[in-house]
There are 6 protein chains.
Amino acid sequence: MAVPALVPLIEEHTASPTVQAVFSDIRNTKQIDFVPAFWRALANQPELLAATWRQVKEVMHPESVGQTSSLDARTREIIAIAVSATNGCSYCMNSHTAALQKQGGNAALLGEIMRVVALFNATNALAEGFQIEPDVRPNFTT
Amino acid sequence: MAVPALVPLIEEHTASPTVQAVFSDIRNTKQIDFVPAFWRALANQPELLAATWRQVKEVMHPESVGQTSSLDARTREIIAIAVSATNGCSYCMNSHTAALQKQGGNAALLGEIMRVVALFNATNALAEGFQIEPDVRPNFTT
Amino acid sequence: MAVPALVPLIEEHTASPTVQAVFSDIRNTKQIDFVPAFWRALANQPELLAATWRQVKEVMHPESVGQTSSLDARTREIIAIAVSATNGCSYCMNSHTAALQKQGGNAALLGEIMRVVALFNATNALAEGFQIEPDVRPNFTT
Amino acid sequence: MAVPALVPLIEEHTASPTVQAVFSDIRNTKQIDFVPAFWRALANQPELLAATWRQVKEVMHPESVGQTSSLDARTREIIAIAVSATNGCSYCMNSHTAALQKQGGNAALLGEIMRVVALFNATNALAEGFQIEPDVRPNFTT
Amino acid sequence: MAVPALVPLIEEHTASPTVQAVFSDIRNTKQIDFVPAFWRALANQPELLAATWRQVKEVMHPESVGQTSSLDARTREIIAIAVSATNGCSYCMNSHTAALQKQGGNAALLGEIMRVVALFNATNALAEGFQIEPDVRPNFTT
Amino acid sequence: MAVPALVPLIEEHTASPTVQAVFSDIRNTKQIDFVPAFWRALANQPELLAATWRQVKEVMHPESVGQTSSLDARTREIIAIAVSATNGCSYCMNSHTAALQKQGGNAALLGEIMRVVALFNATNALAEGFQIEPDVRPNFTT
């Protein structure tokens with residue numbers, strides 16, 4: 001944590017009003033009392049900060065923008081963890097695990113998620129390796 | 001589907017009794033009336049078939065081996081889809097989407113899952129790219 | 001192309017007015033006379049369609065939303081190709097190569113891009129494999 | 001940086017004459033006054049060092065070997081960054097960002113690059129996830 | 001190493017008898033005098049620990065379960081290193097390199113392996129990028 | 001196979017003398033009677049063709065350039081397969097499997113390789129997911 005990010009982490013009190021407004025919305029929406037380093041790094045490019053936050057807000061906090069979702073908050077964090085473990089992204093694993101923990105998750109739940117993640121990383125490699133063609137193509141009708 | 005896999009797809013009626021027993025267990029456990037190409041490819045190496053099926057059975061059908069899971073069947077398929085889309089595995093997307101559909105999922109649900117998957121593939125790239133250090137390290141106690 | 005996507009591809013003339021408006025904006029902004037399959041697939045979930053298009057429009061067509069970018073259009077397509085080749089995404093390679101060609105790119109330019117992409121996929125594997133620590137940490141000041 | 005790489009980092013003054021010649025060429029071509037850890041690690045296998053450096057020299061410093069490129073030096077570094085962020089390679093992000101900075105890049109430029117990289121990691125996941133077939137196959141003529 | 005894993009690392013002397021039995025089998029089979037952090041993390045979910053160890057034991061120590069393999073122990077470690085470098089997994093590179101070293105491998109051997117790994121990460125990106133169709137489909141007969 | 005690559009596949013009889021010389025060397029070194037599509041695609045950029053072939057020749061056919069390797073030809077193909085399956089590259093799986101078959105490999109050997117590949121894609125995901133720190137850092141002395 002002594003190691004700096006590749007870009008300066010913008011401080012909330014020296015940020016432009018536009019950036020401050022996003023920071024404040026992040027703290028309020030996520031109910032946390034600090035602005036995570038991820039967002040402070042993005043703030044070097046205010047459009048990137050605004051666009052990424054808008055998307056995270058819509059997808060992970062749909063109720064805050066008047067949308068509904070058939071996936072509950074815990075399932076969304078689980079998907080985030082599955083993607084992050086598959087990509088090997090450490091910052092992401094840390095932050096999504098912290099979020100899962102906040103929702104009542106414990107080490108055993110994380111273990112169950114990782115068990116499924118590990119299995120499908122294995123079977124994905126087998127299916128790709130053997131170049132297996134689909135048995136059937138799912139056919140959703142609208 | 002005319003394209004063969006890299007290895008011969010073992011036919012059930014010509015398979016060894018050991019392989020036939022696994023094939024039969026797959027059909028029964030998954031309640032399908034054919035043996036998917038994935039398993040027929042693995043059957044070229046019976047130990048690989050047996051070990052992979054045992055693991056899929058334990059993780060995806062825990063009740064069939066007397067285990068319990070705090071993740072329900074739909075959530076497990078959602079994790080499988082998140083991993084498969086992140087890895088870009090087509091056979092896997094086809095089969096897990098078919099499974100989700102069987103559990104009542106529709107194109108809209110798949111769309112919601114993919115929306116979360118896409119978002120975190122984007123933010124993973126940002127976190128990795130900017131080399132951001134964790135804010136906090138979750139601290140599970142046993 | 002006879003193979004259907006995993007979800008129905010929404011037809012423009014049967015789409016809801018909201019979806020039609022996005023489709024129309026896509027055709028106009030990209031100056032093409034059809035709606036690519038990618039967008040027709042996303043249209044099964046209108047929020048996903050709208051959010052993804054808004055982001056593509058802002059990033060790839062910044063002038064259309066009154067933003068500026070220090071990256072020109074060709075460099076942005078080159079980045080898209082570098083990401084898509086690294087991820088092995090075929091639909092993406094097809095569509096971004098088509099876009100590059102529209103901007104005057106030819107097979108030789110694509111070859112030069114791919115040469116750089118291939119080199120860094122190789123050196124990435126070496127750096128990750130040998131677990132090499134950074135020599136120096138770039139230090140941007142704001 | 002106190003952490004050693006997986007292999008010893010060869011010191012320039014104790015290296016064989018062949019390795020010293022490559023090290024010297026690296027310092028001169030890149031106009032730096034030290035040999036980066038990456039190259040010192042590769043030097044454990046002199047053929048790997050020579051082959052990798054030759055390729056980096058040809059691709060990233062084409063003028064030094066009498067070749068030309070239709071990609072300029074900045075665009076080549078941008079591609080290197082796009083690949084490294086997509087692969088999540090930290091050593092690579094550090095060194096390519098340092099190179100970009102040397103060419104006059106700042107945190108805002110890196111932010112714009114990462115914005116495009118993040119977007120296409122998201123859309124790649126969507127295209128792969130929905131298994132979308134190409135609309136059109138670009139057709140370069142020689 | 002002062003940094004904790006995301007989950008508590010179970011201590012051998014406080015573990016349940018089931019977990020202790022697996023830990024003991026790991027130490028004996030691998031002929032090491034401690035339980036690696038990887039296994040102590042998995043022990044938070046005893047089924048995951050047992051299933052993963054059973055699979056590692058069968059695949060990497062086939063003689064210990066009365067199986068045979070046409071791949072020798074060194075080749076199996078080489079595959080593990082190739083996968084781990086391609087995925088950029090540091091814990092994995094550390095542990096598999098340690099195992100290779102125990103089998104008599106040195107920095108030069110690791111260098112040769114990495115040279116092949118790097119080459120094919122490069123050519124994979126080229127083949128994916130240019131979307132090249134197979135020349136021929138291998139045709140194994142059983 | 002009716003699907004064209006993204007770039008024209010250069011025909012041997014219409015190629016420039018430089019490209020023809022590389023094509024001829026490929027056929028002779030690999031002892032095949034055609035030029036694979038991969039090399040015909042690269043030939044759109046003769047430097048890329050020459051540099052890639054030189055590297056493949058040095059790494060995969062070291063005896064042809066008077067080098068030696070402590071990895072035998074079969075082990076090198078096995079590494080190529082491990083990388084290609086992990087990356088999900090189909091052209092690569094096809095061509096390296098064909099090469100393995102030429103060296104006497106059969107479906108059972110491919111199955112054993114894939115079993116190890118699948119296992120370590122699973123354990124890589126676990127190690128990355130749980131963010132486990134190395135137990136020990138291998139320490140090669142030169």
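**Helix α3 of chain C**

I started with α3(C), where 11 of the 15 residues are buried, so the helix is largely enclosed by the rest of the structure. A reminder to myself: this is a predicted model. The helix runs over residues 46-60 and reaches 21 Å from its first C-alpha to its last, close to the 21 Å expected at 1.5 Å a residue. I listed the buried residues of α3(C), and among them are C:W53, C:K57, C:E58 and C:M60.

What covers the buried residues of α3(C)? I found that the cover includes α1 (17-30), α2 (37-42) and α4 (73-87) of chain C. From other chains it includes α3 (46-60) of chain A, α6 (107-130) of chain B and α6 (107-130) of chain D. One of the buried residues, C:E58, also turned up in a network of salt bridges with A:R54 and D:R115.

**C:M93**

Which residues is C:M93 in contact with, leaving aside neighbours within four places in sequence? Within chain C I noted C:I81, C:S84, C:A85 and C:M114.

**Helix α4 of chain F**

Next I took α4(F), residues 73-87. Its 15 residues span 21 Å from first C-alpha to last, close to the 21 Å expected at 1.5 Å a residue. I count α4(F) as largely enclosed by the rest of the structure, because 12 of its 15 residues are buried. The buried ones include F:R76 and F:E77, along with F:I78, F:I79 and F:A80.

For the cover over the buried residues of α4(F), I wrote down α3, α5 (90-102) and α6 (107-130) of chain F itself. Chain E contributes α4 (73-87) and α6 (107-130), and chain A contributes α6 (107-129). Just after α4(F), I saw that F:G88 takes a positive phi of about 65°.

**Chain E against chain F**

I then turned to the interface of chain E and chain F. I have 73 residues of chain E in contact with 74 residues of chain F. The area buried between the two chains is about 6700 Å², and carbon and sulfur atoms give 70% of it.

How many salt bridges does the rule find across this interface? It finds two. I looked at the one between the side chains of E:E58 and F:R115, at 2.9 Å, N to O. I also have 18 residue pairs in polar contact across the interface of chain E and chain F. On the side of chain E that touches chain F, α2 (37-42), α3 (46-60), α4, α5 (90-102) and α6 each supply at least two residues. The most comes from α6(E), with 18 residues. By class, I get 41 nonpolar, 23 polar and nine charged residues on that side of chain E.

Over all chains the structure holds 30 salt bridges, and I picked out a few. B:K57 pairs with B:D25, the closest N and O atoms being 2.7 Å apart. B:K57 is in helix α3 (residues 46-60) and B:D25 in helix α1 (residues 17-30), so this pair links distant parts of the chain, 32 residues apart. B:K57 counts as buried at 16% relative accessibility, whereas B:D25 is partly exposed at 23%.

In chain E, E:K57 forms a salt bridge with E:D25, with the closest N and O atoms 2.8 Å apart. This pair links helix α3 and helix α1 of chain E, 32 residues apart. I have E:K57 as buried at 16% and E:D25 as partly exposed at 23%.

In chain F, the side chain of F:K57 makes a polar contact with the side chain of F:D25, at 2.7 Å. F:K57 lies in α3 (residues 46-60) and is buried at 16%. Beyond four places in sequence, F:K57 touches F:D25, F:T29, F:P62, F:S64 and F:V65.

**One more pair in chain E**

Last, I noted a salt bridge between E:R27 and E:E12, the closest N and O atoms being 2.7 Å apart. E:R27 is in helix α1 and E:E12 in the segment before α1, so the pair ties together parts 15 residues apart in sequence.

Technical notes:
Residues are numbered from 1 along each chain as its sequence is written. Chains are lettered from A and ligands numbered from 1 in the order in which they are written. This is a predicted model: local features need pLDDT of at least 70, side-chain atom pairs count only at pLDDT 80 or more; totals for chains, interfaces and linings use all residues. Side-chain values use heavy atoms; hydrogens and water are left out. Helices (H or I, at least four residues) and strands (E, at least two) are DSSP runs, numbered from the N terminus. Buried means under 20% relative accessible area, exposed over 50%, partly exposed in between (1.4 Å probe, protein chains only). A polar contact is a pair of N or O atoms within 3.5 Å; within protein, one must be able to donate a hydrogen and the other to accept it, and residues adjacent in sequence count only if both atoms are side-chain atoms. Contact means heavy atoms within 4.5 Å. The expected span of a helix is 1.5 Å times one less than its number of residues. Buried area is the accessible area (1.4 Å probe) that two parts lose on being put together, summed over both. A salt bridge is a side-chain nitrogen of Lys or Arg within 4 Å of a carboxyl oxygen of Asp or Glu. Ala, Val, Leu, Ile, Met, Phe, Trp, Tyr, Cys and Pro count as nonpolar, Asp, Glu, Lys and Arg as charged, and the others, Gly among them, as polar.
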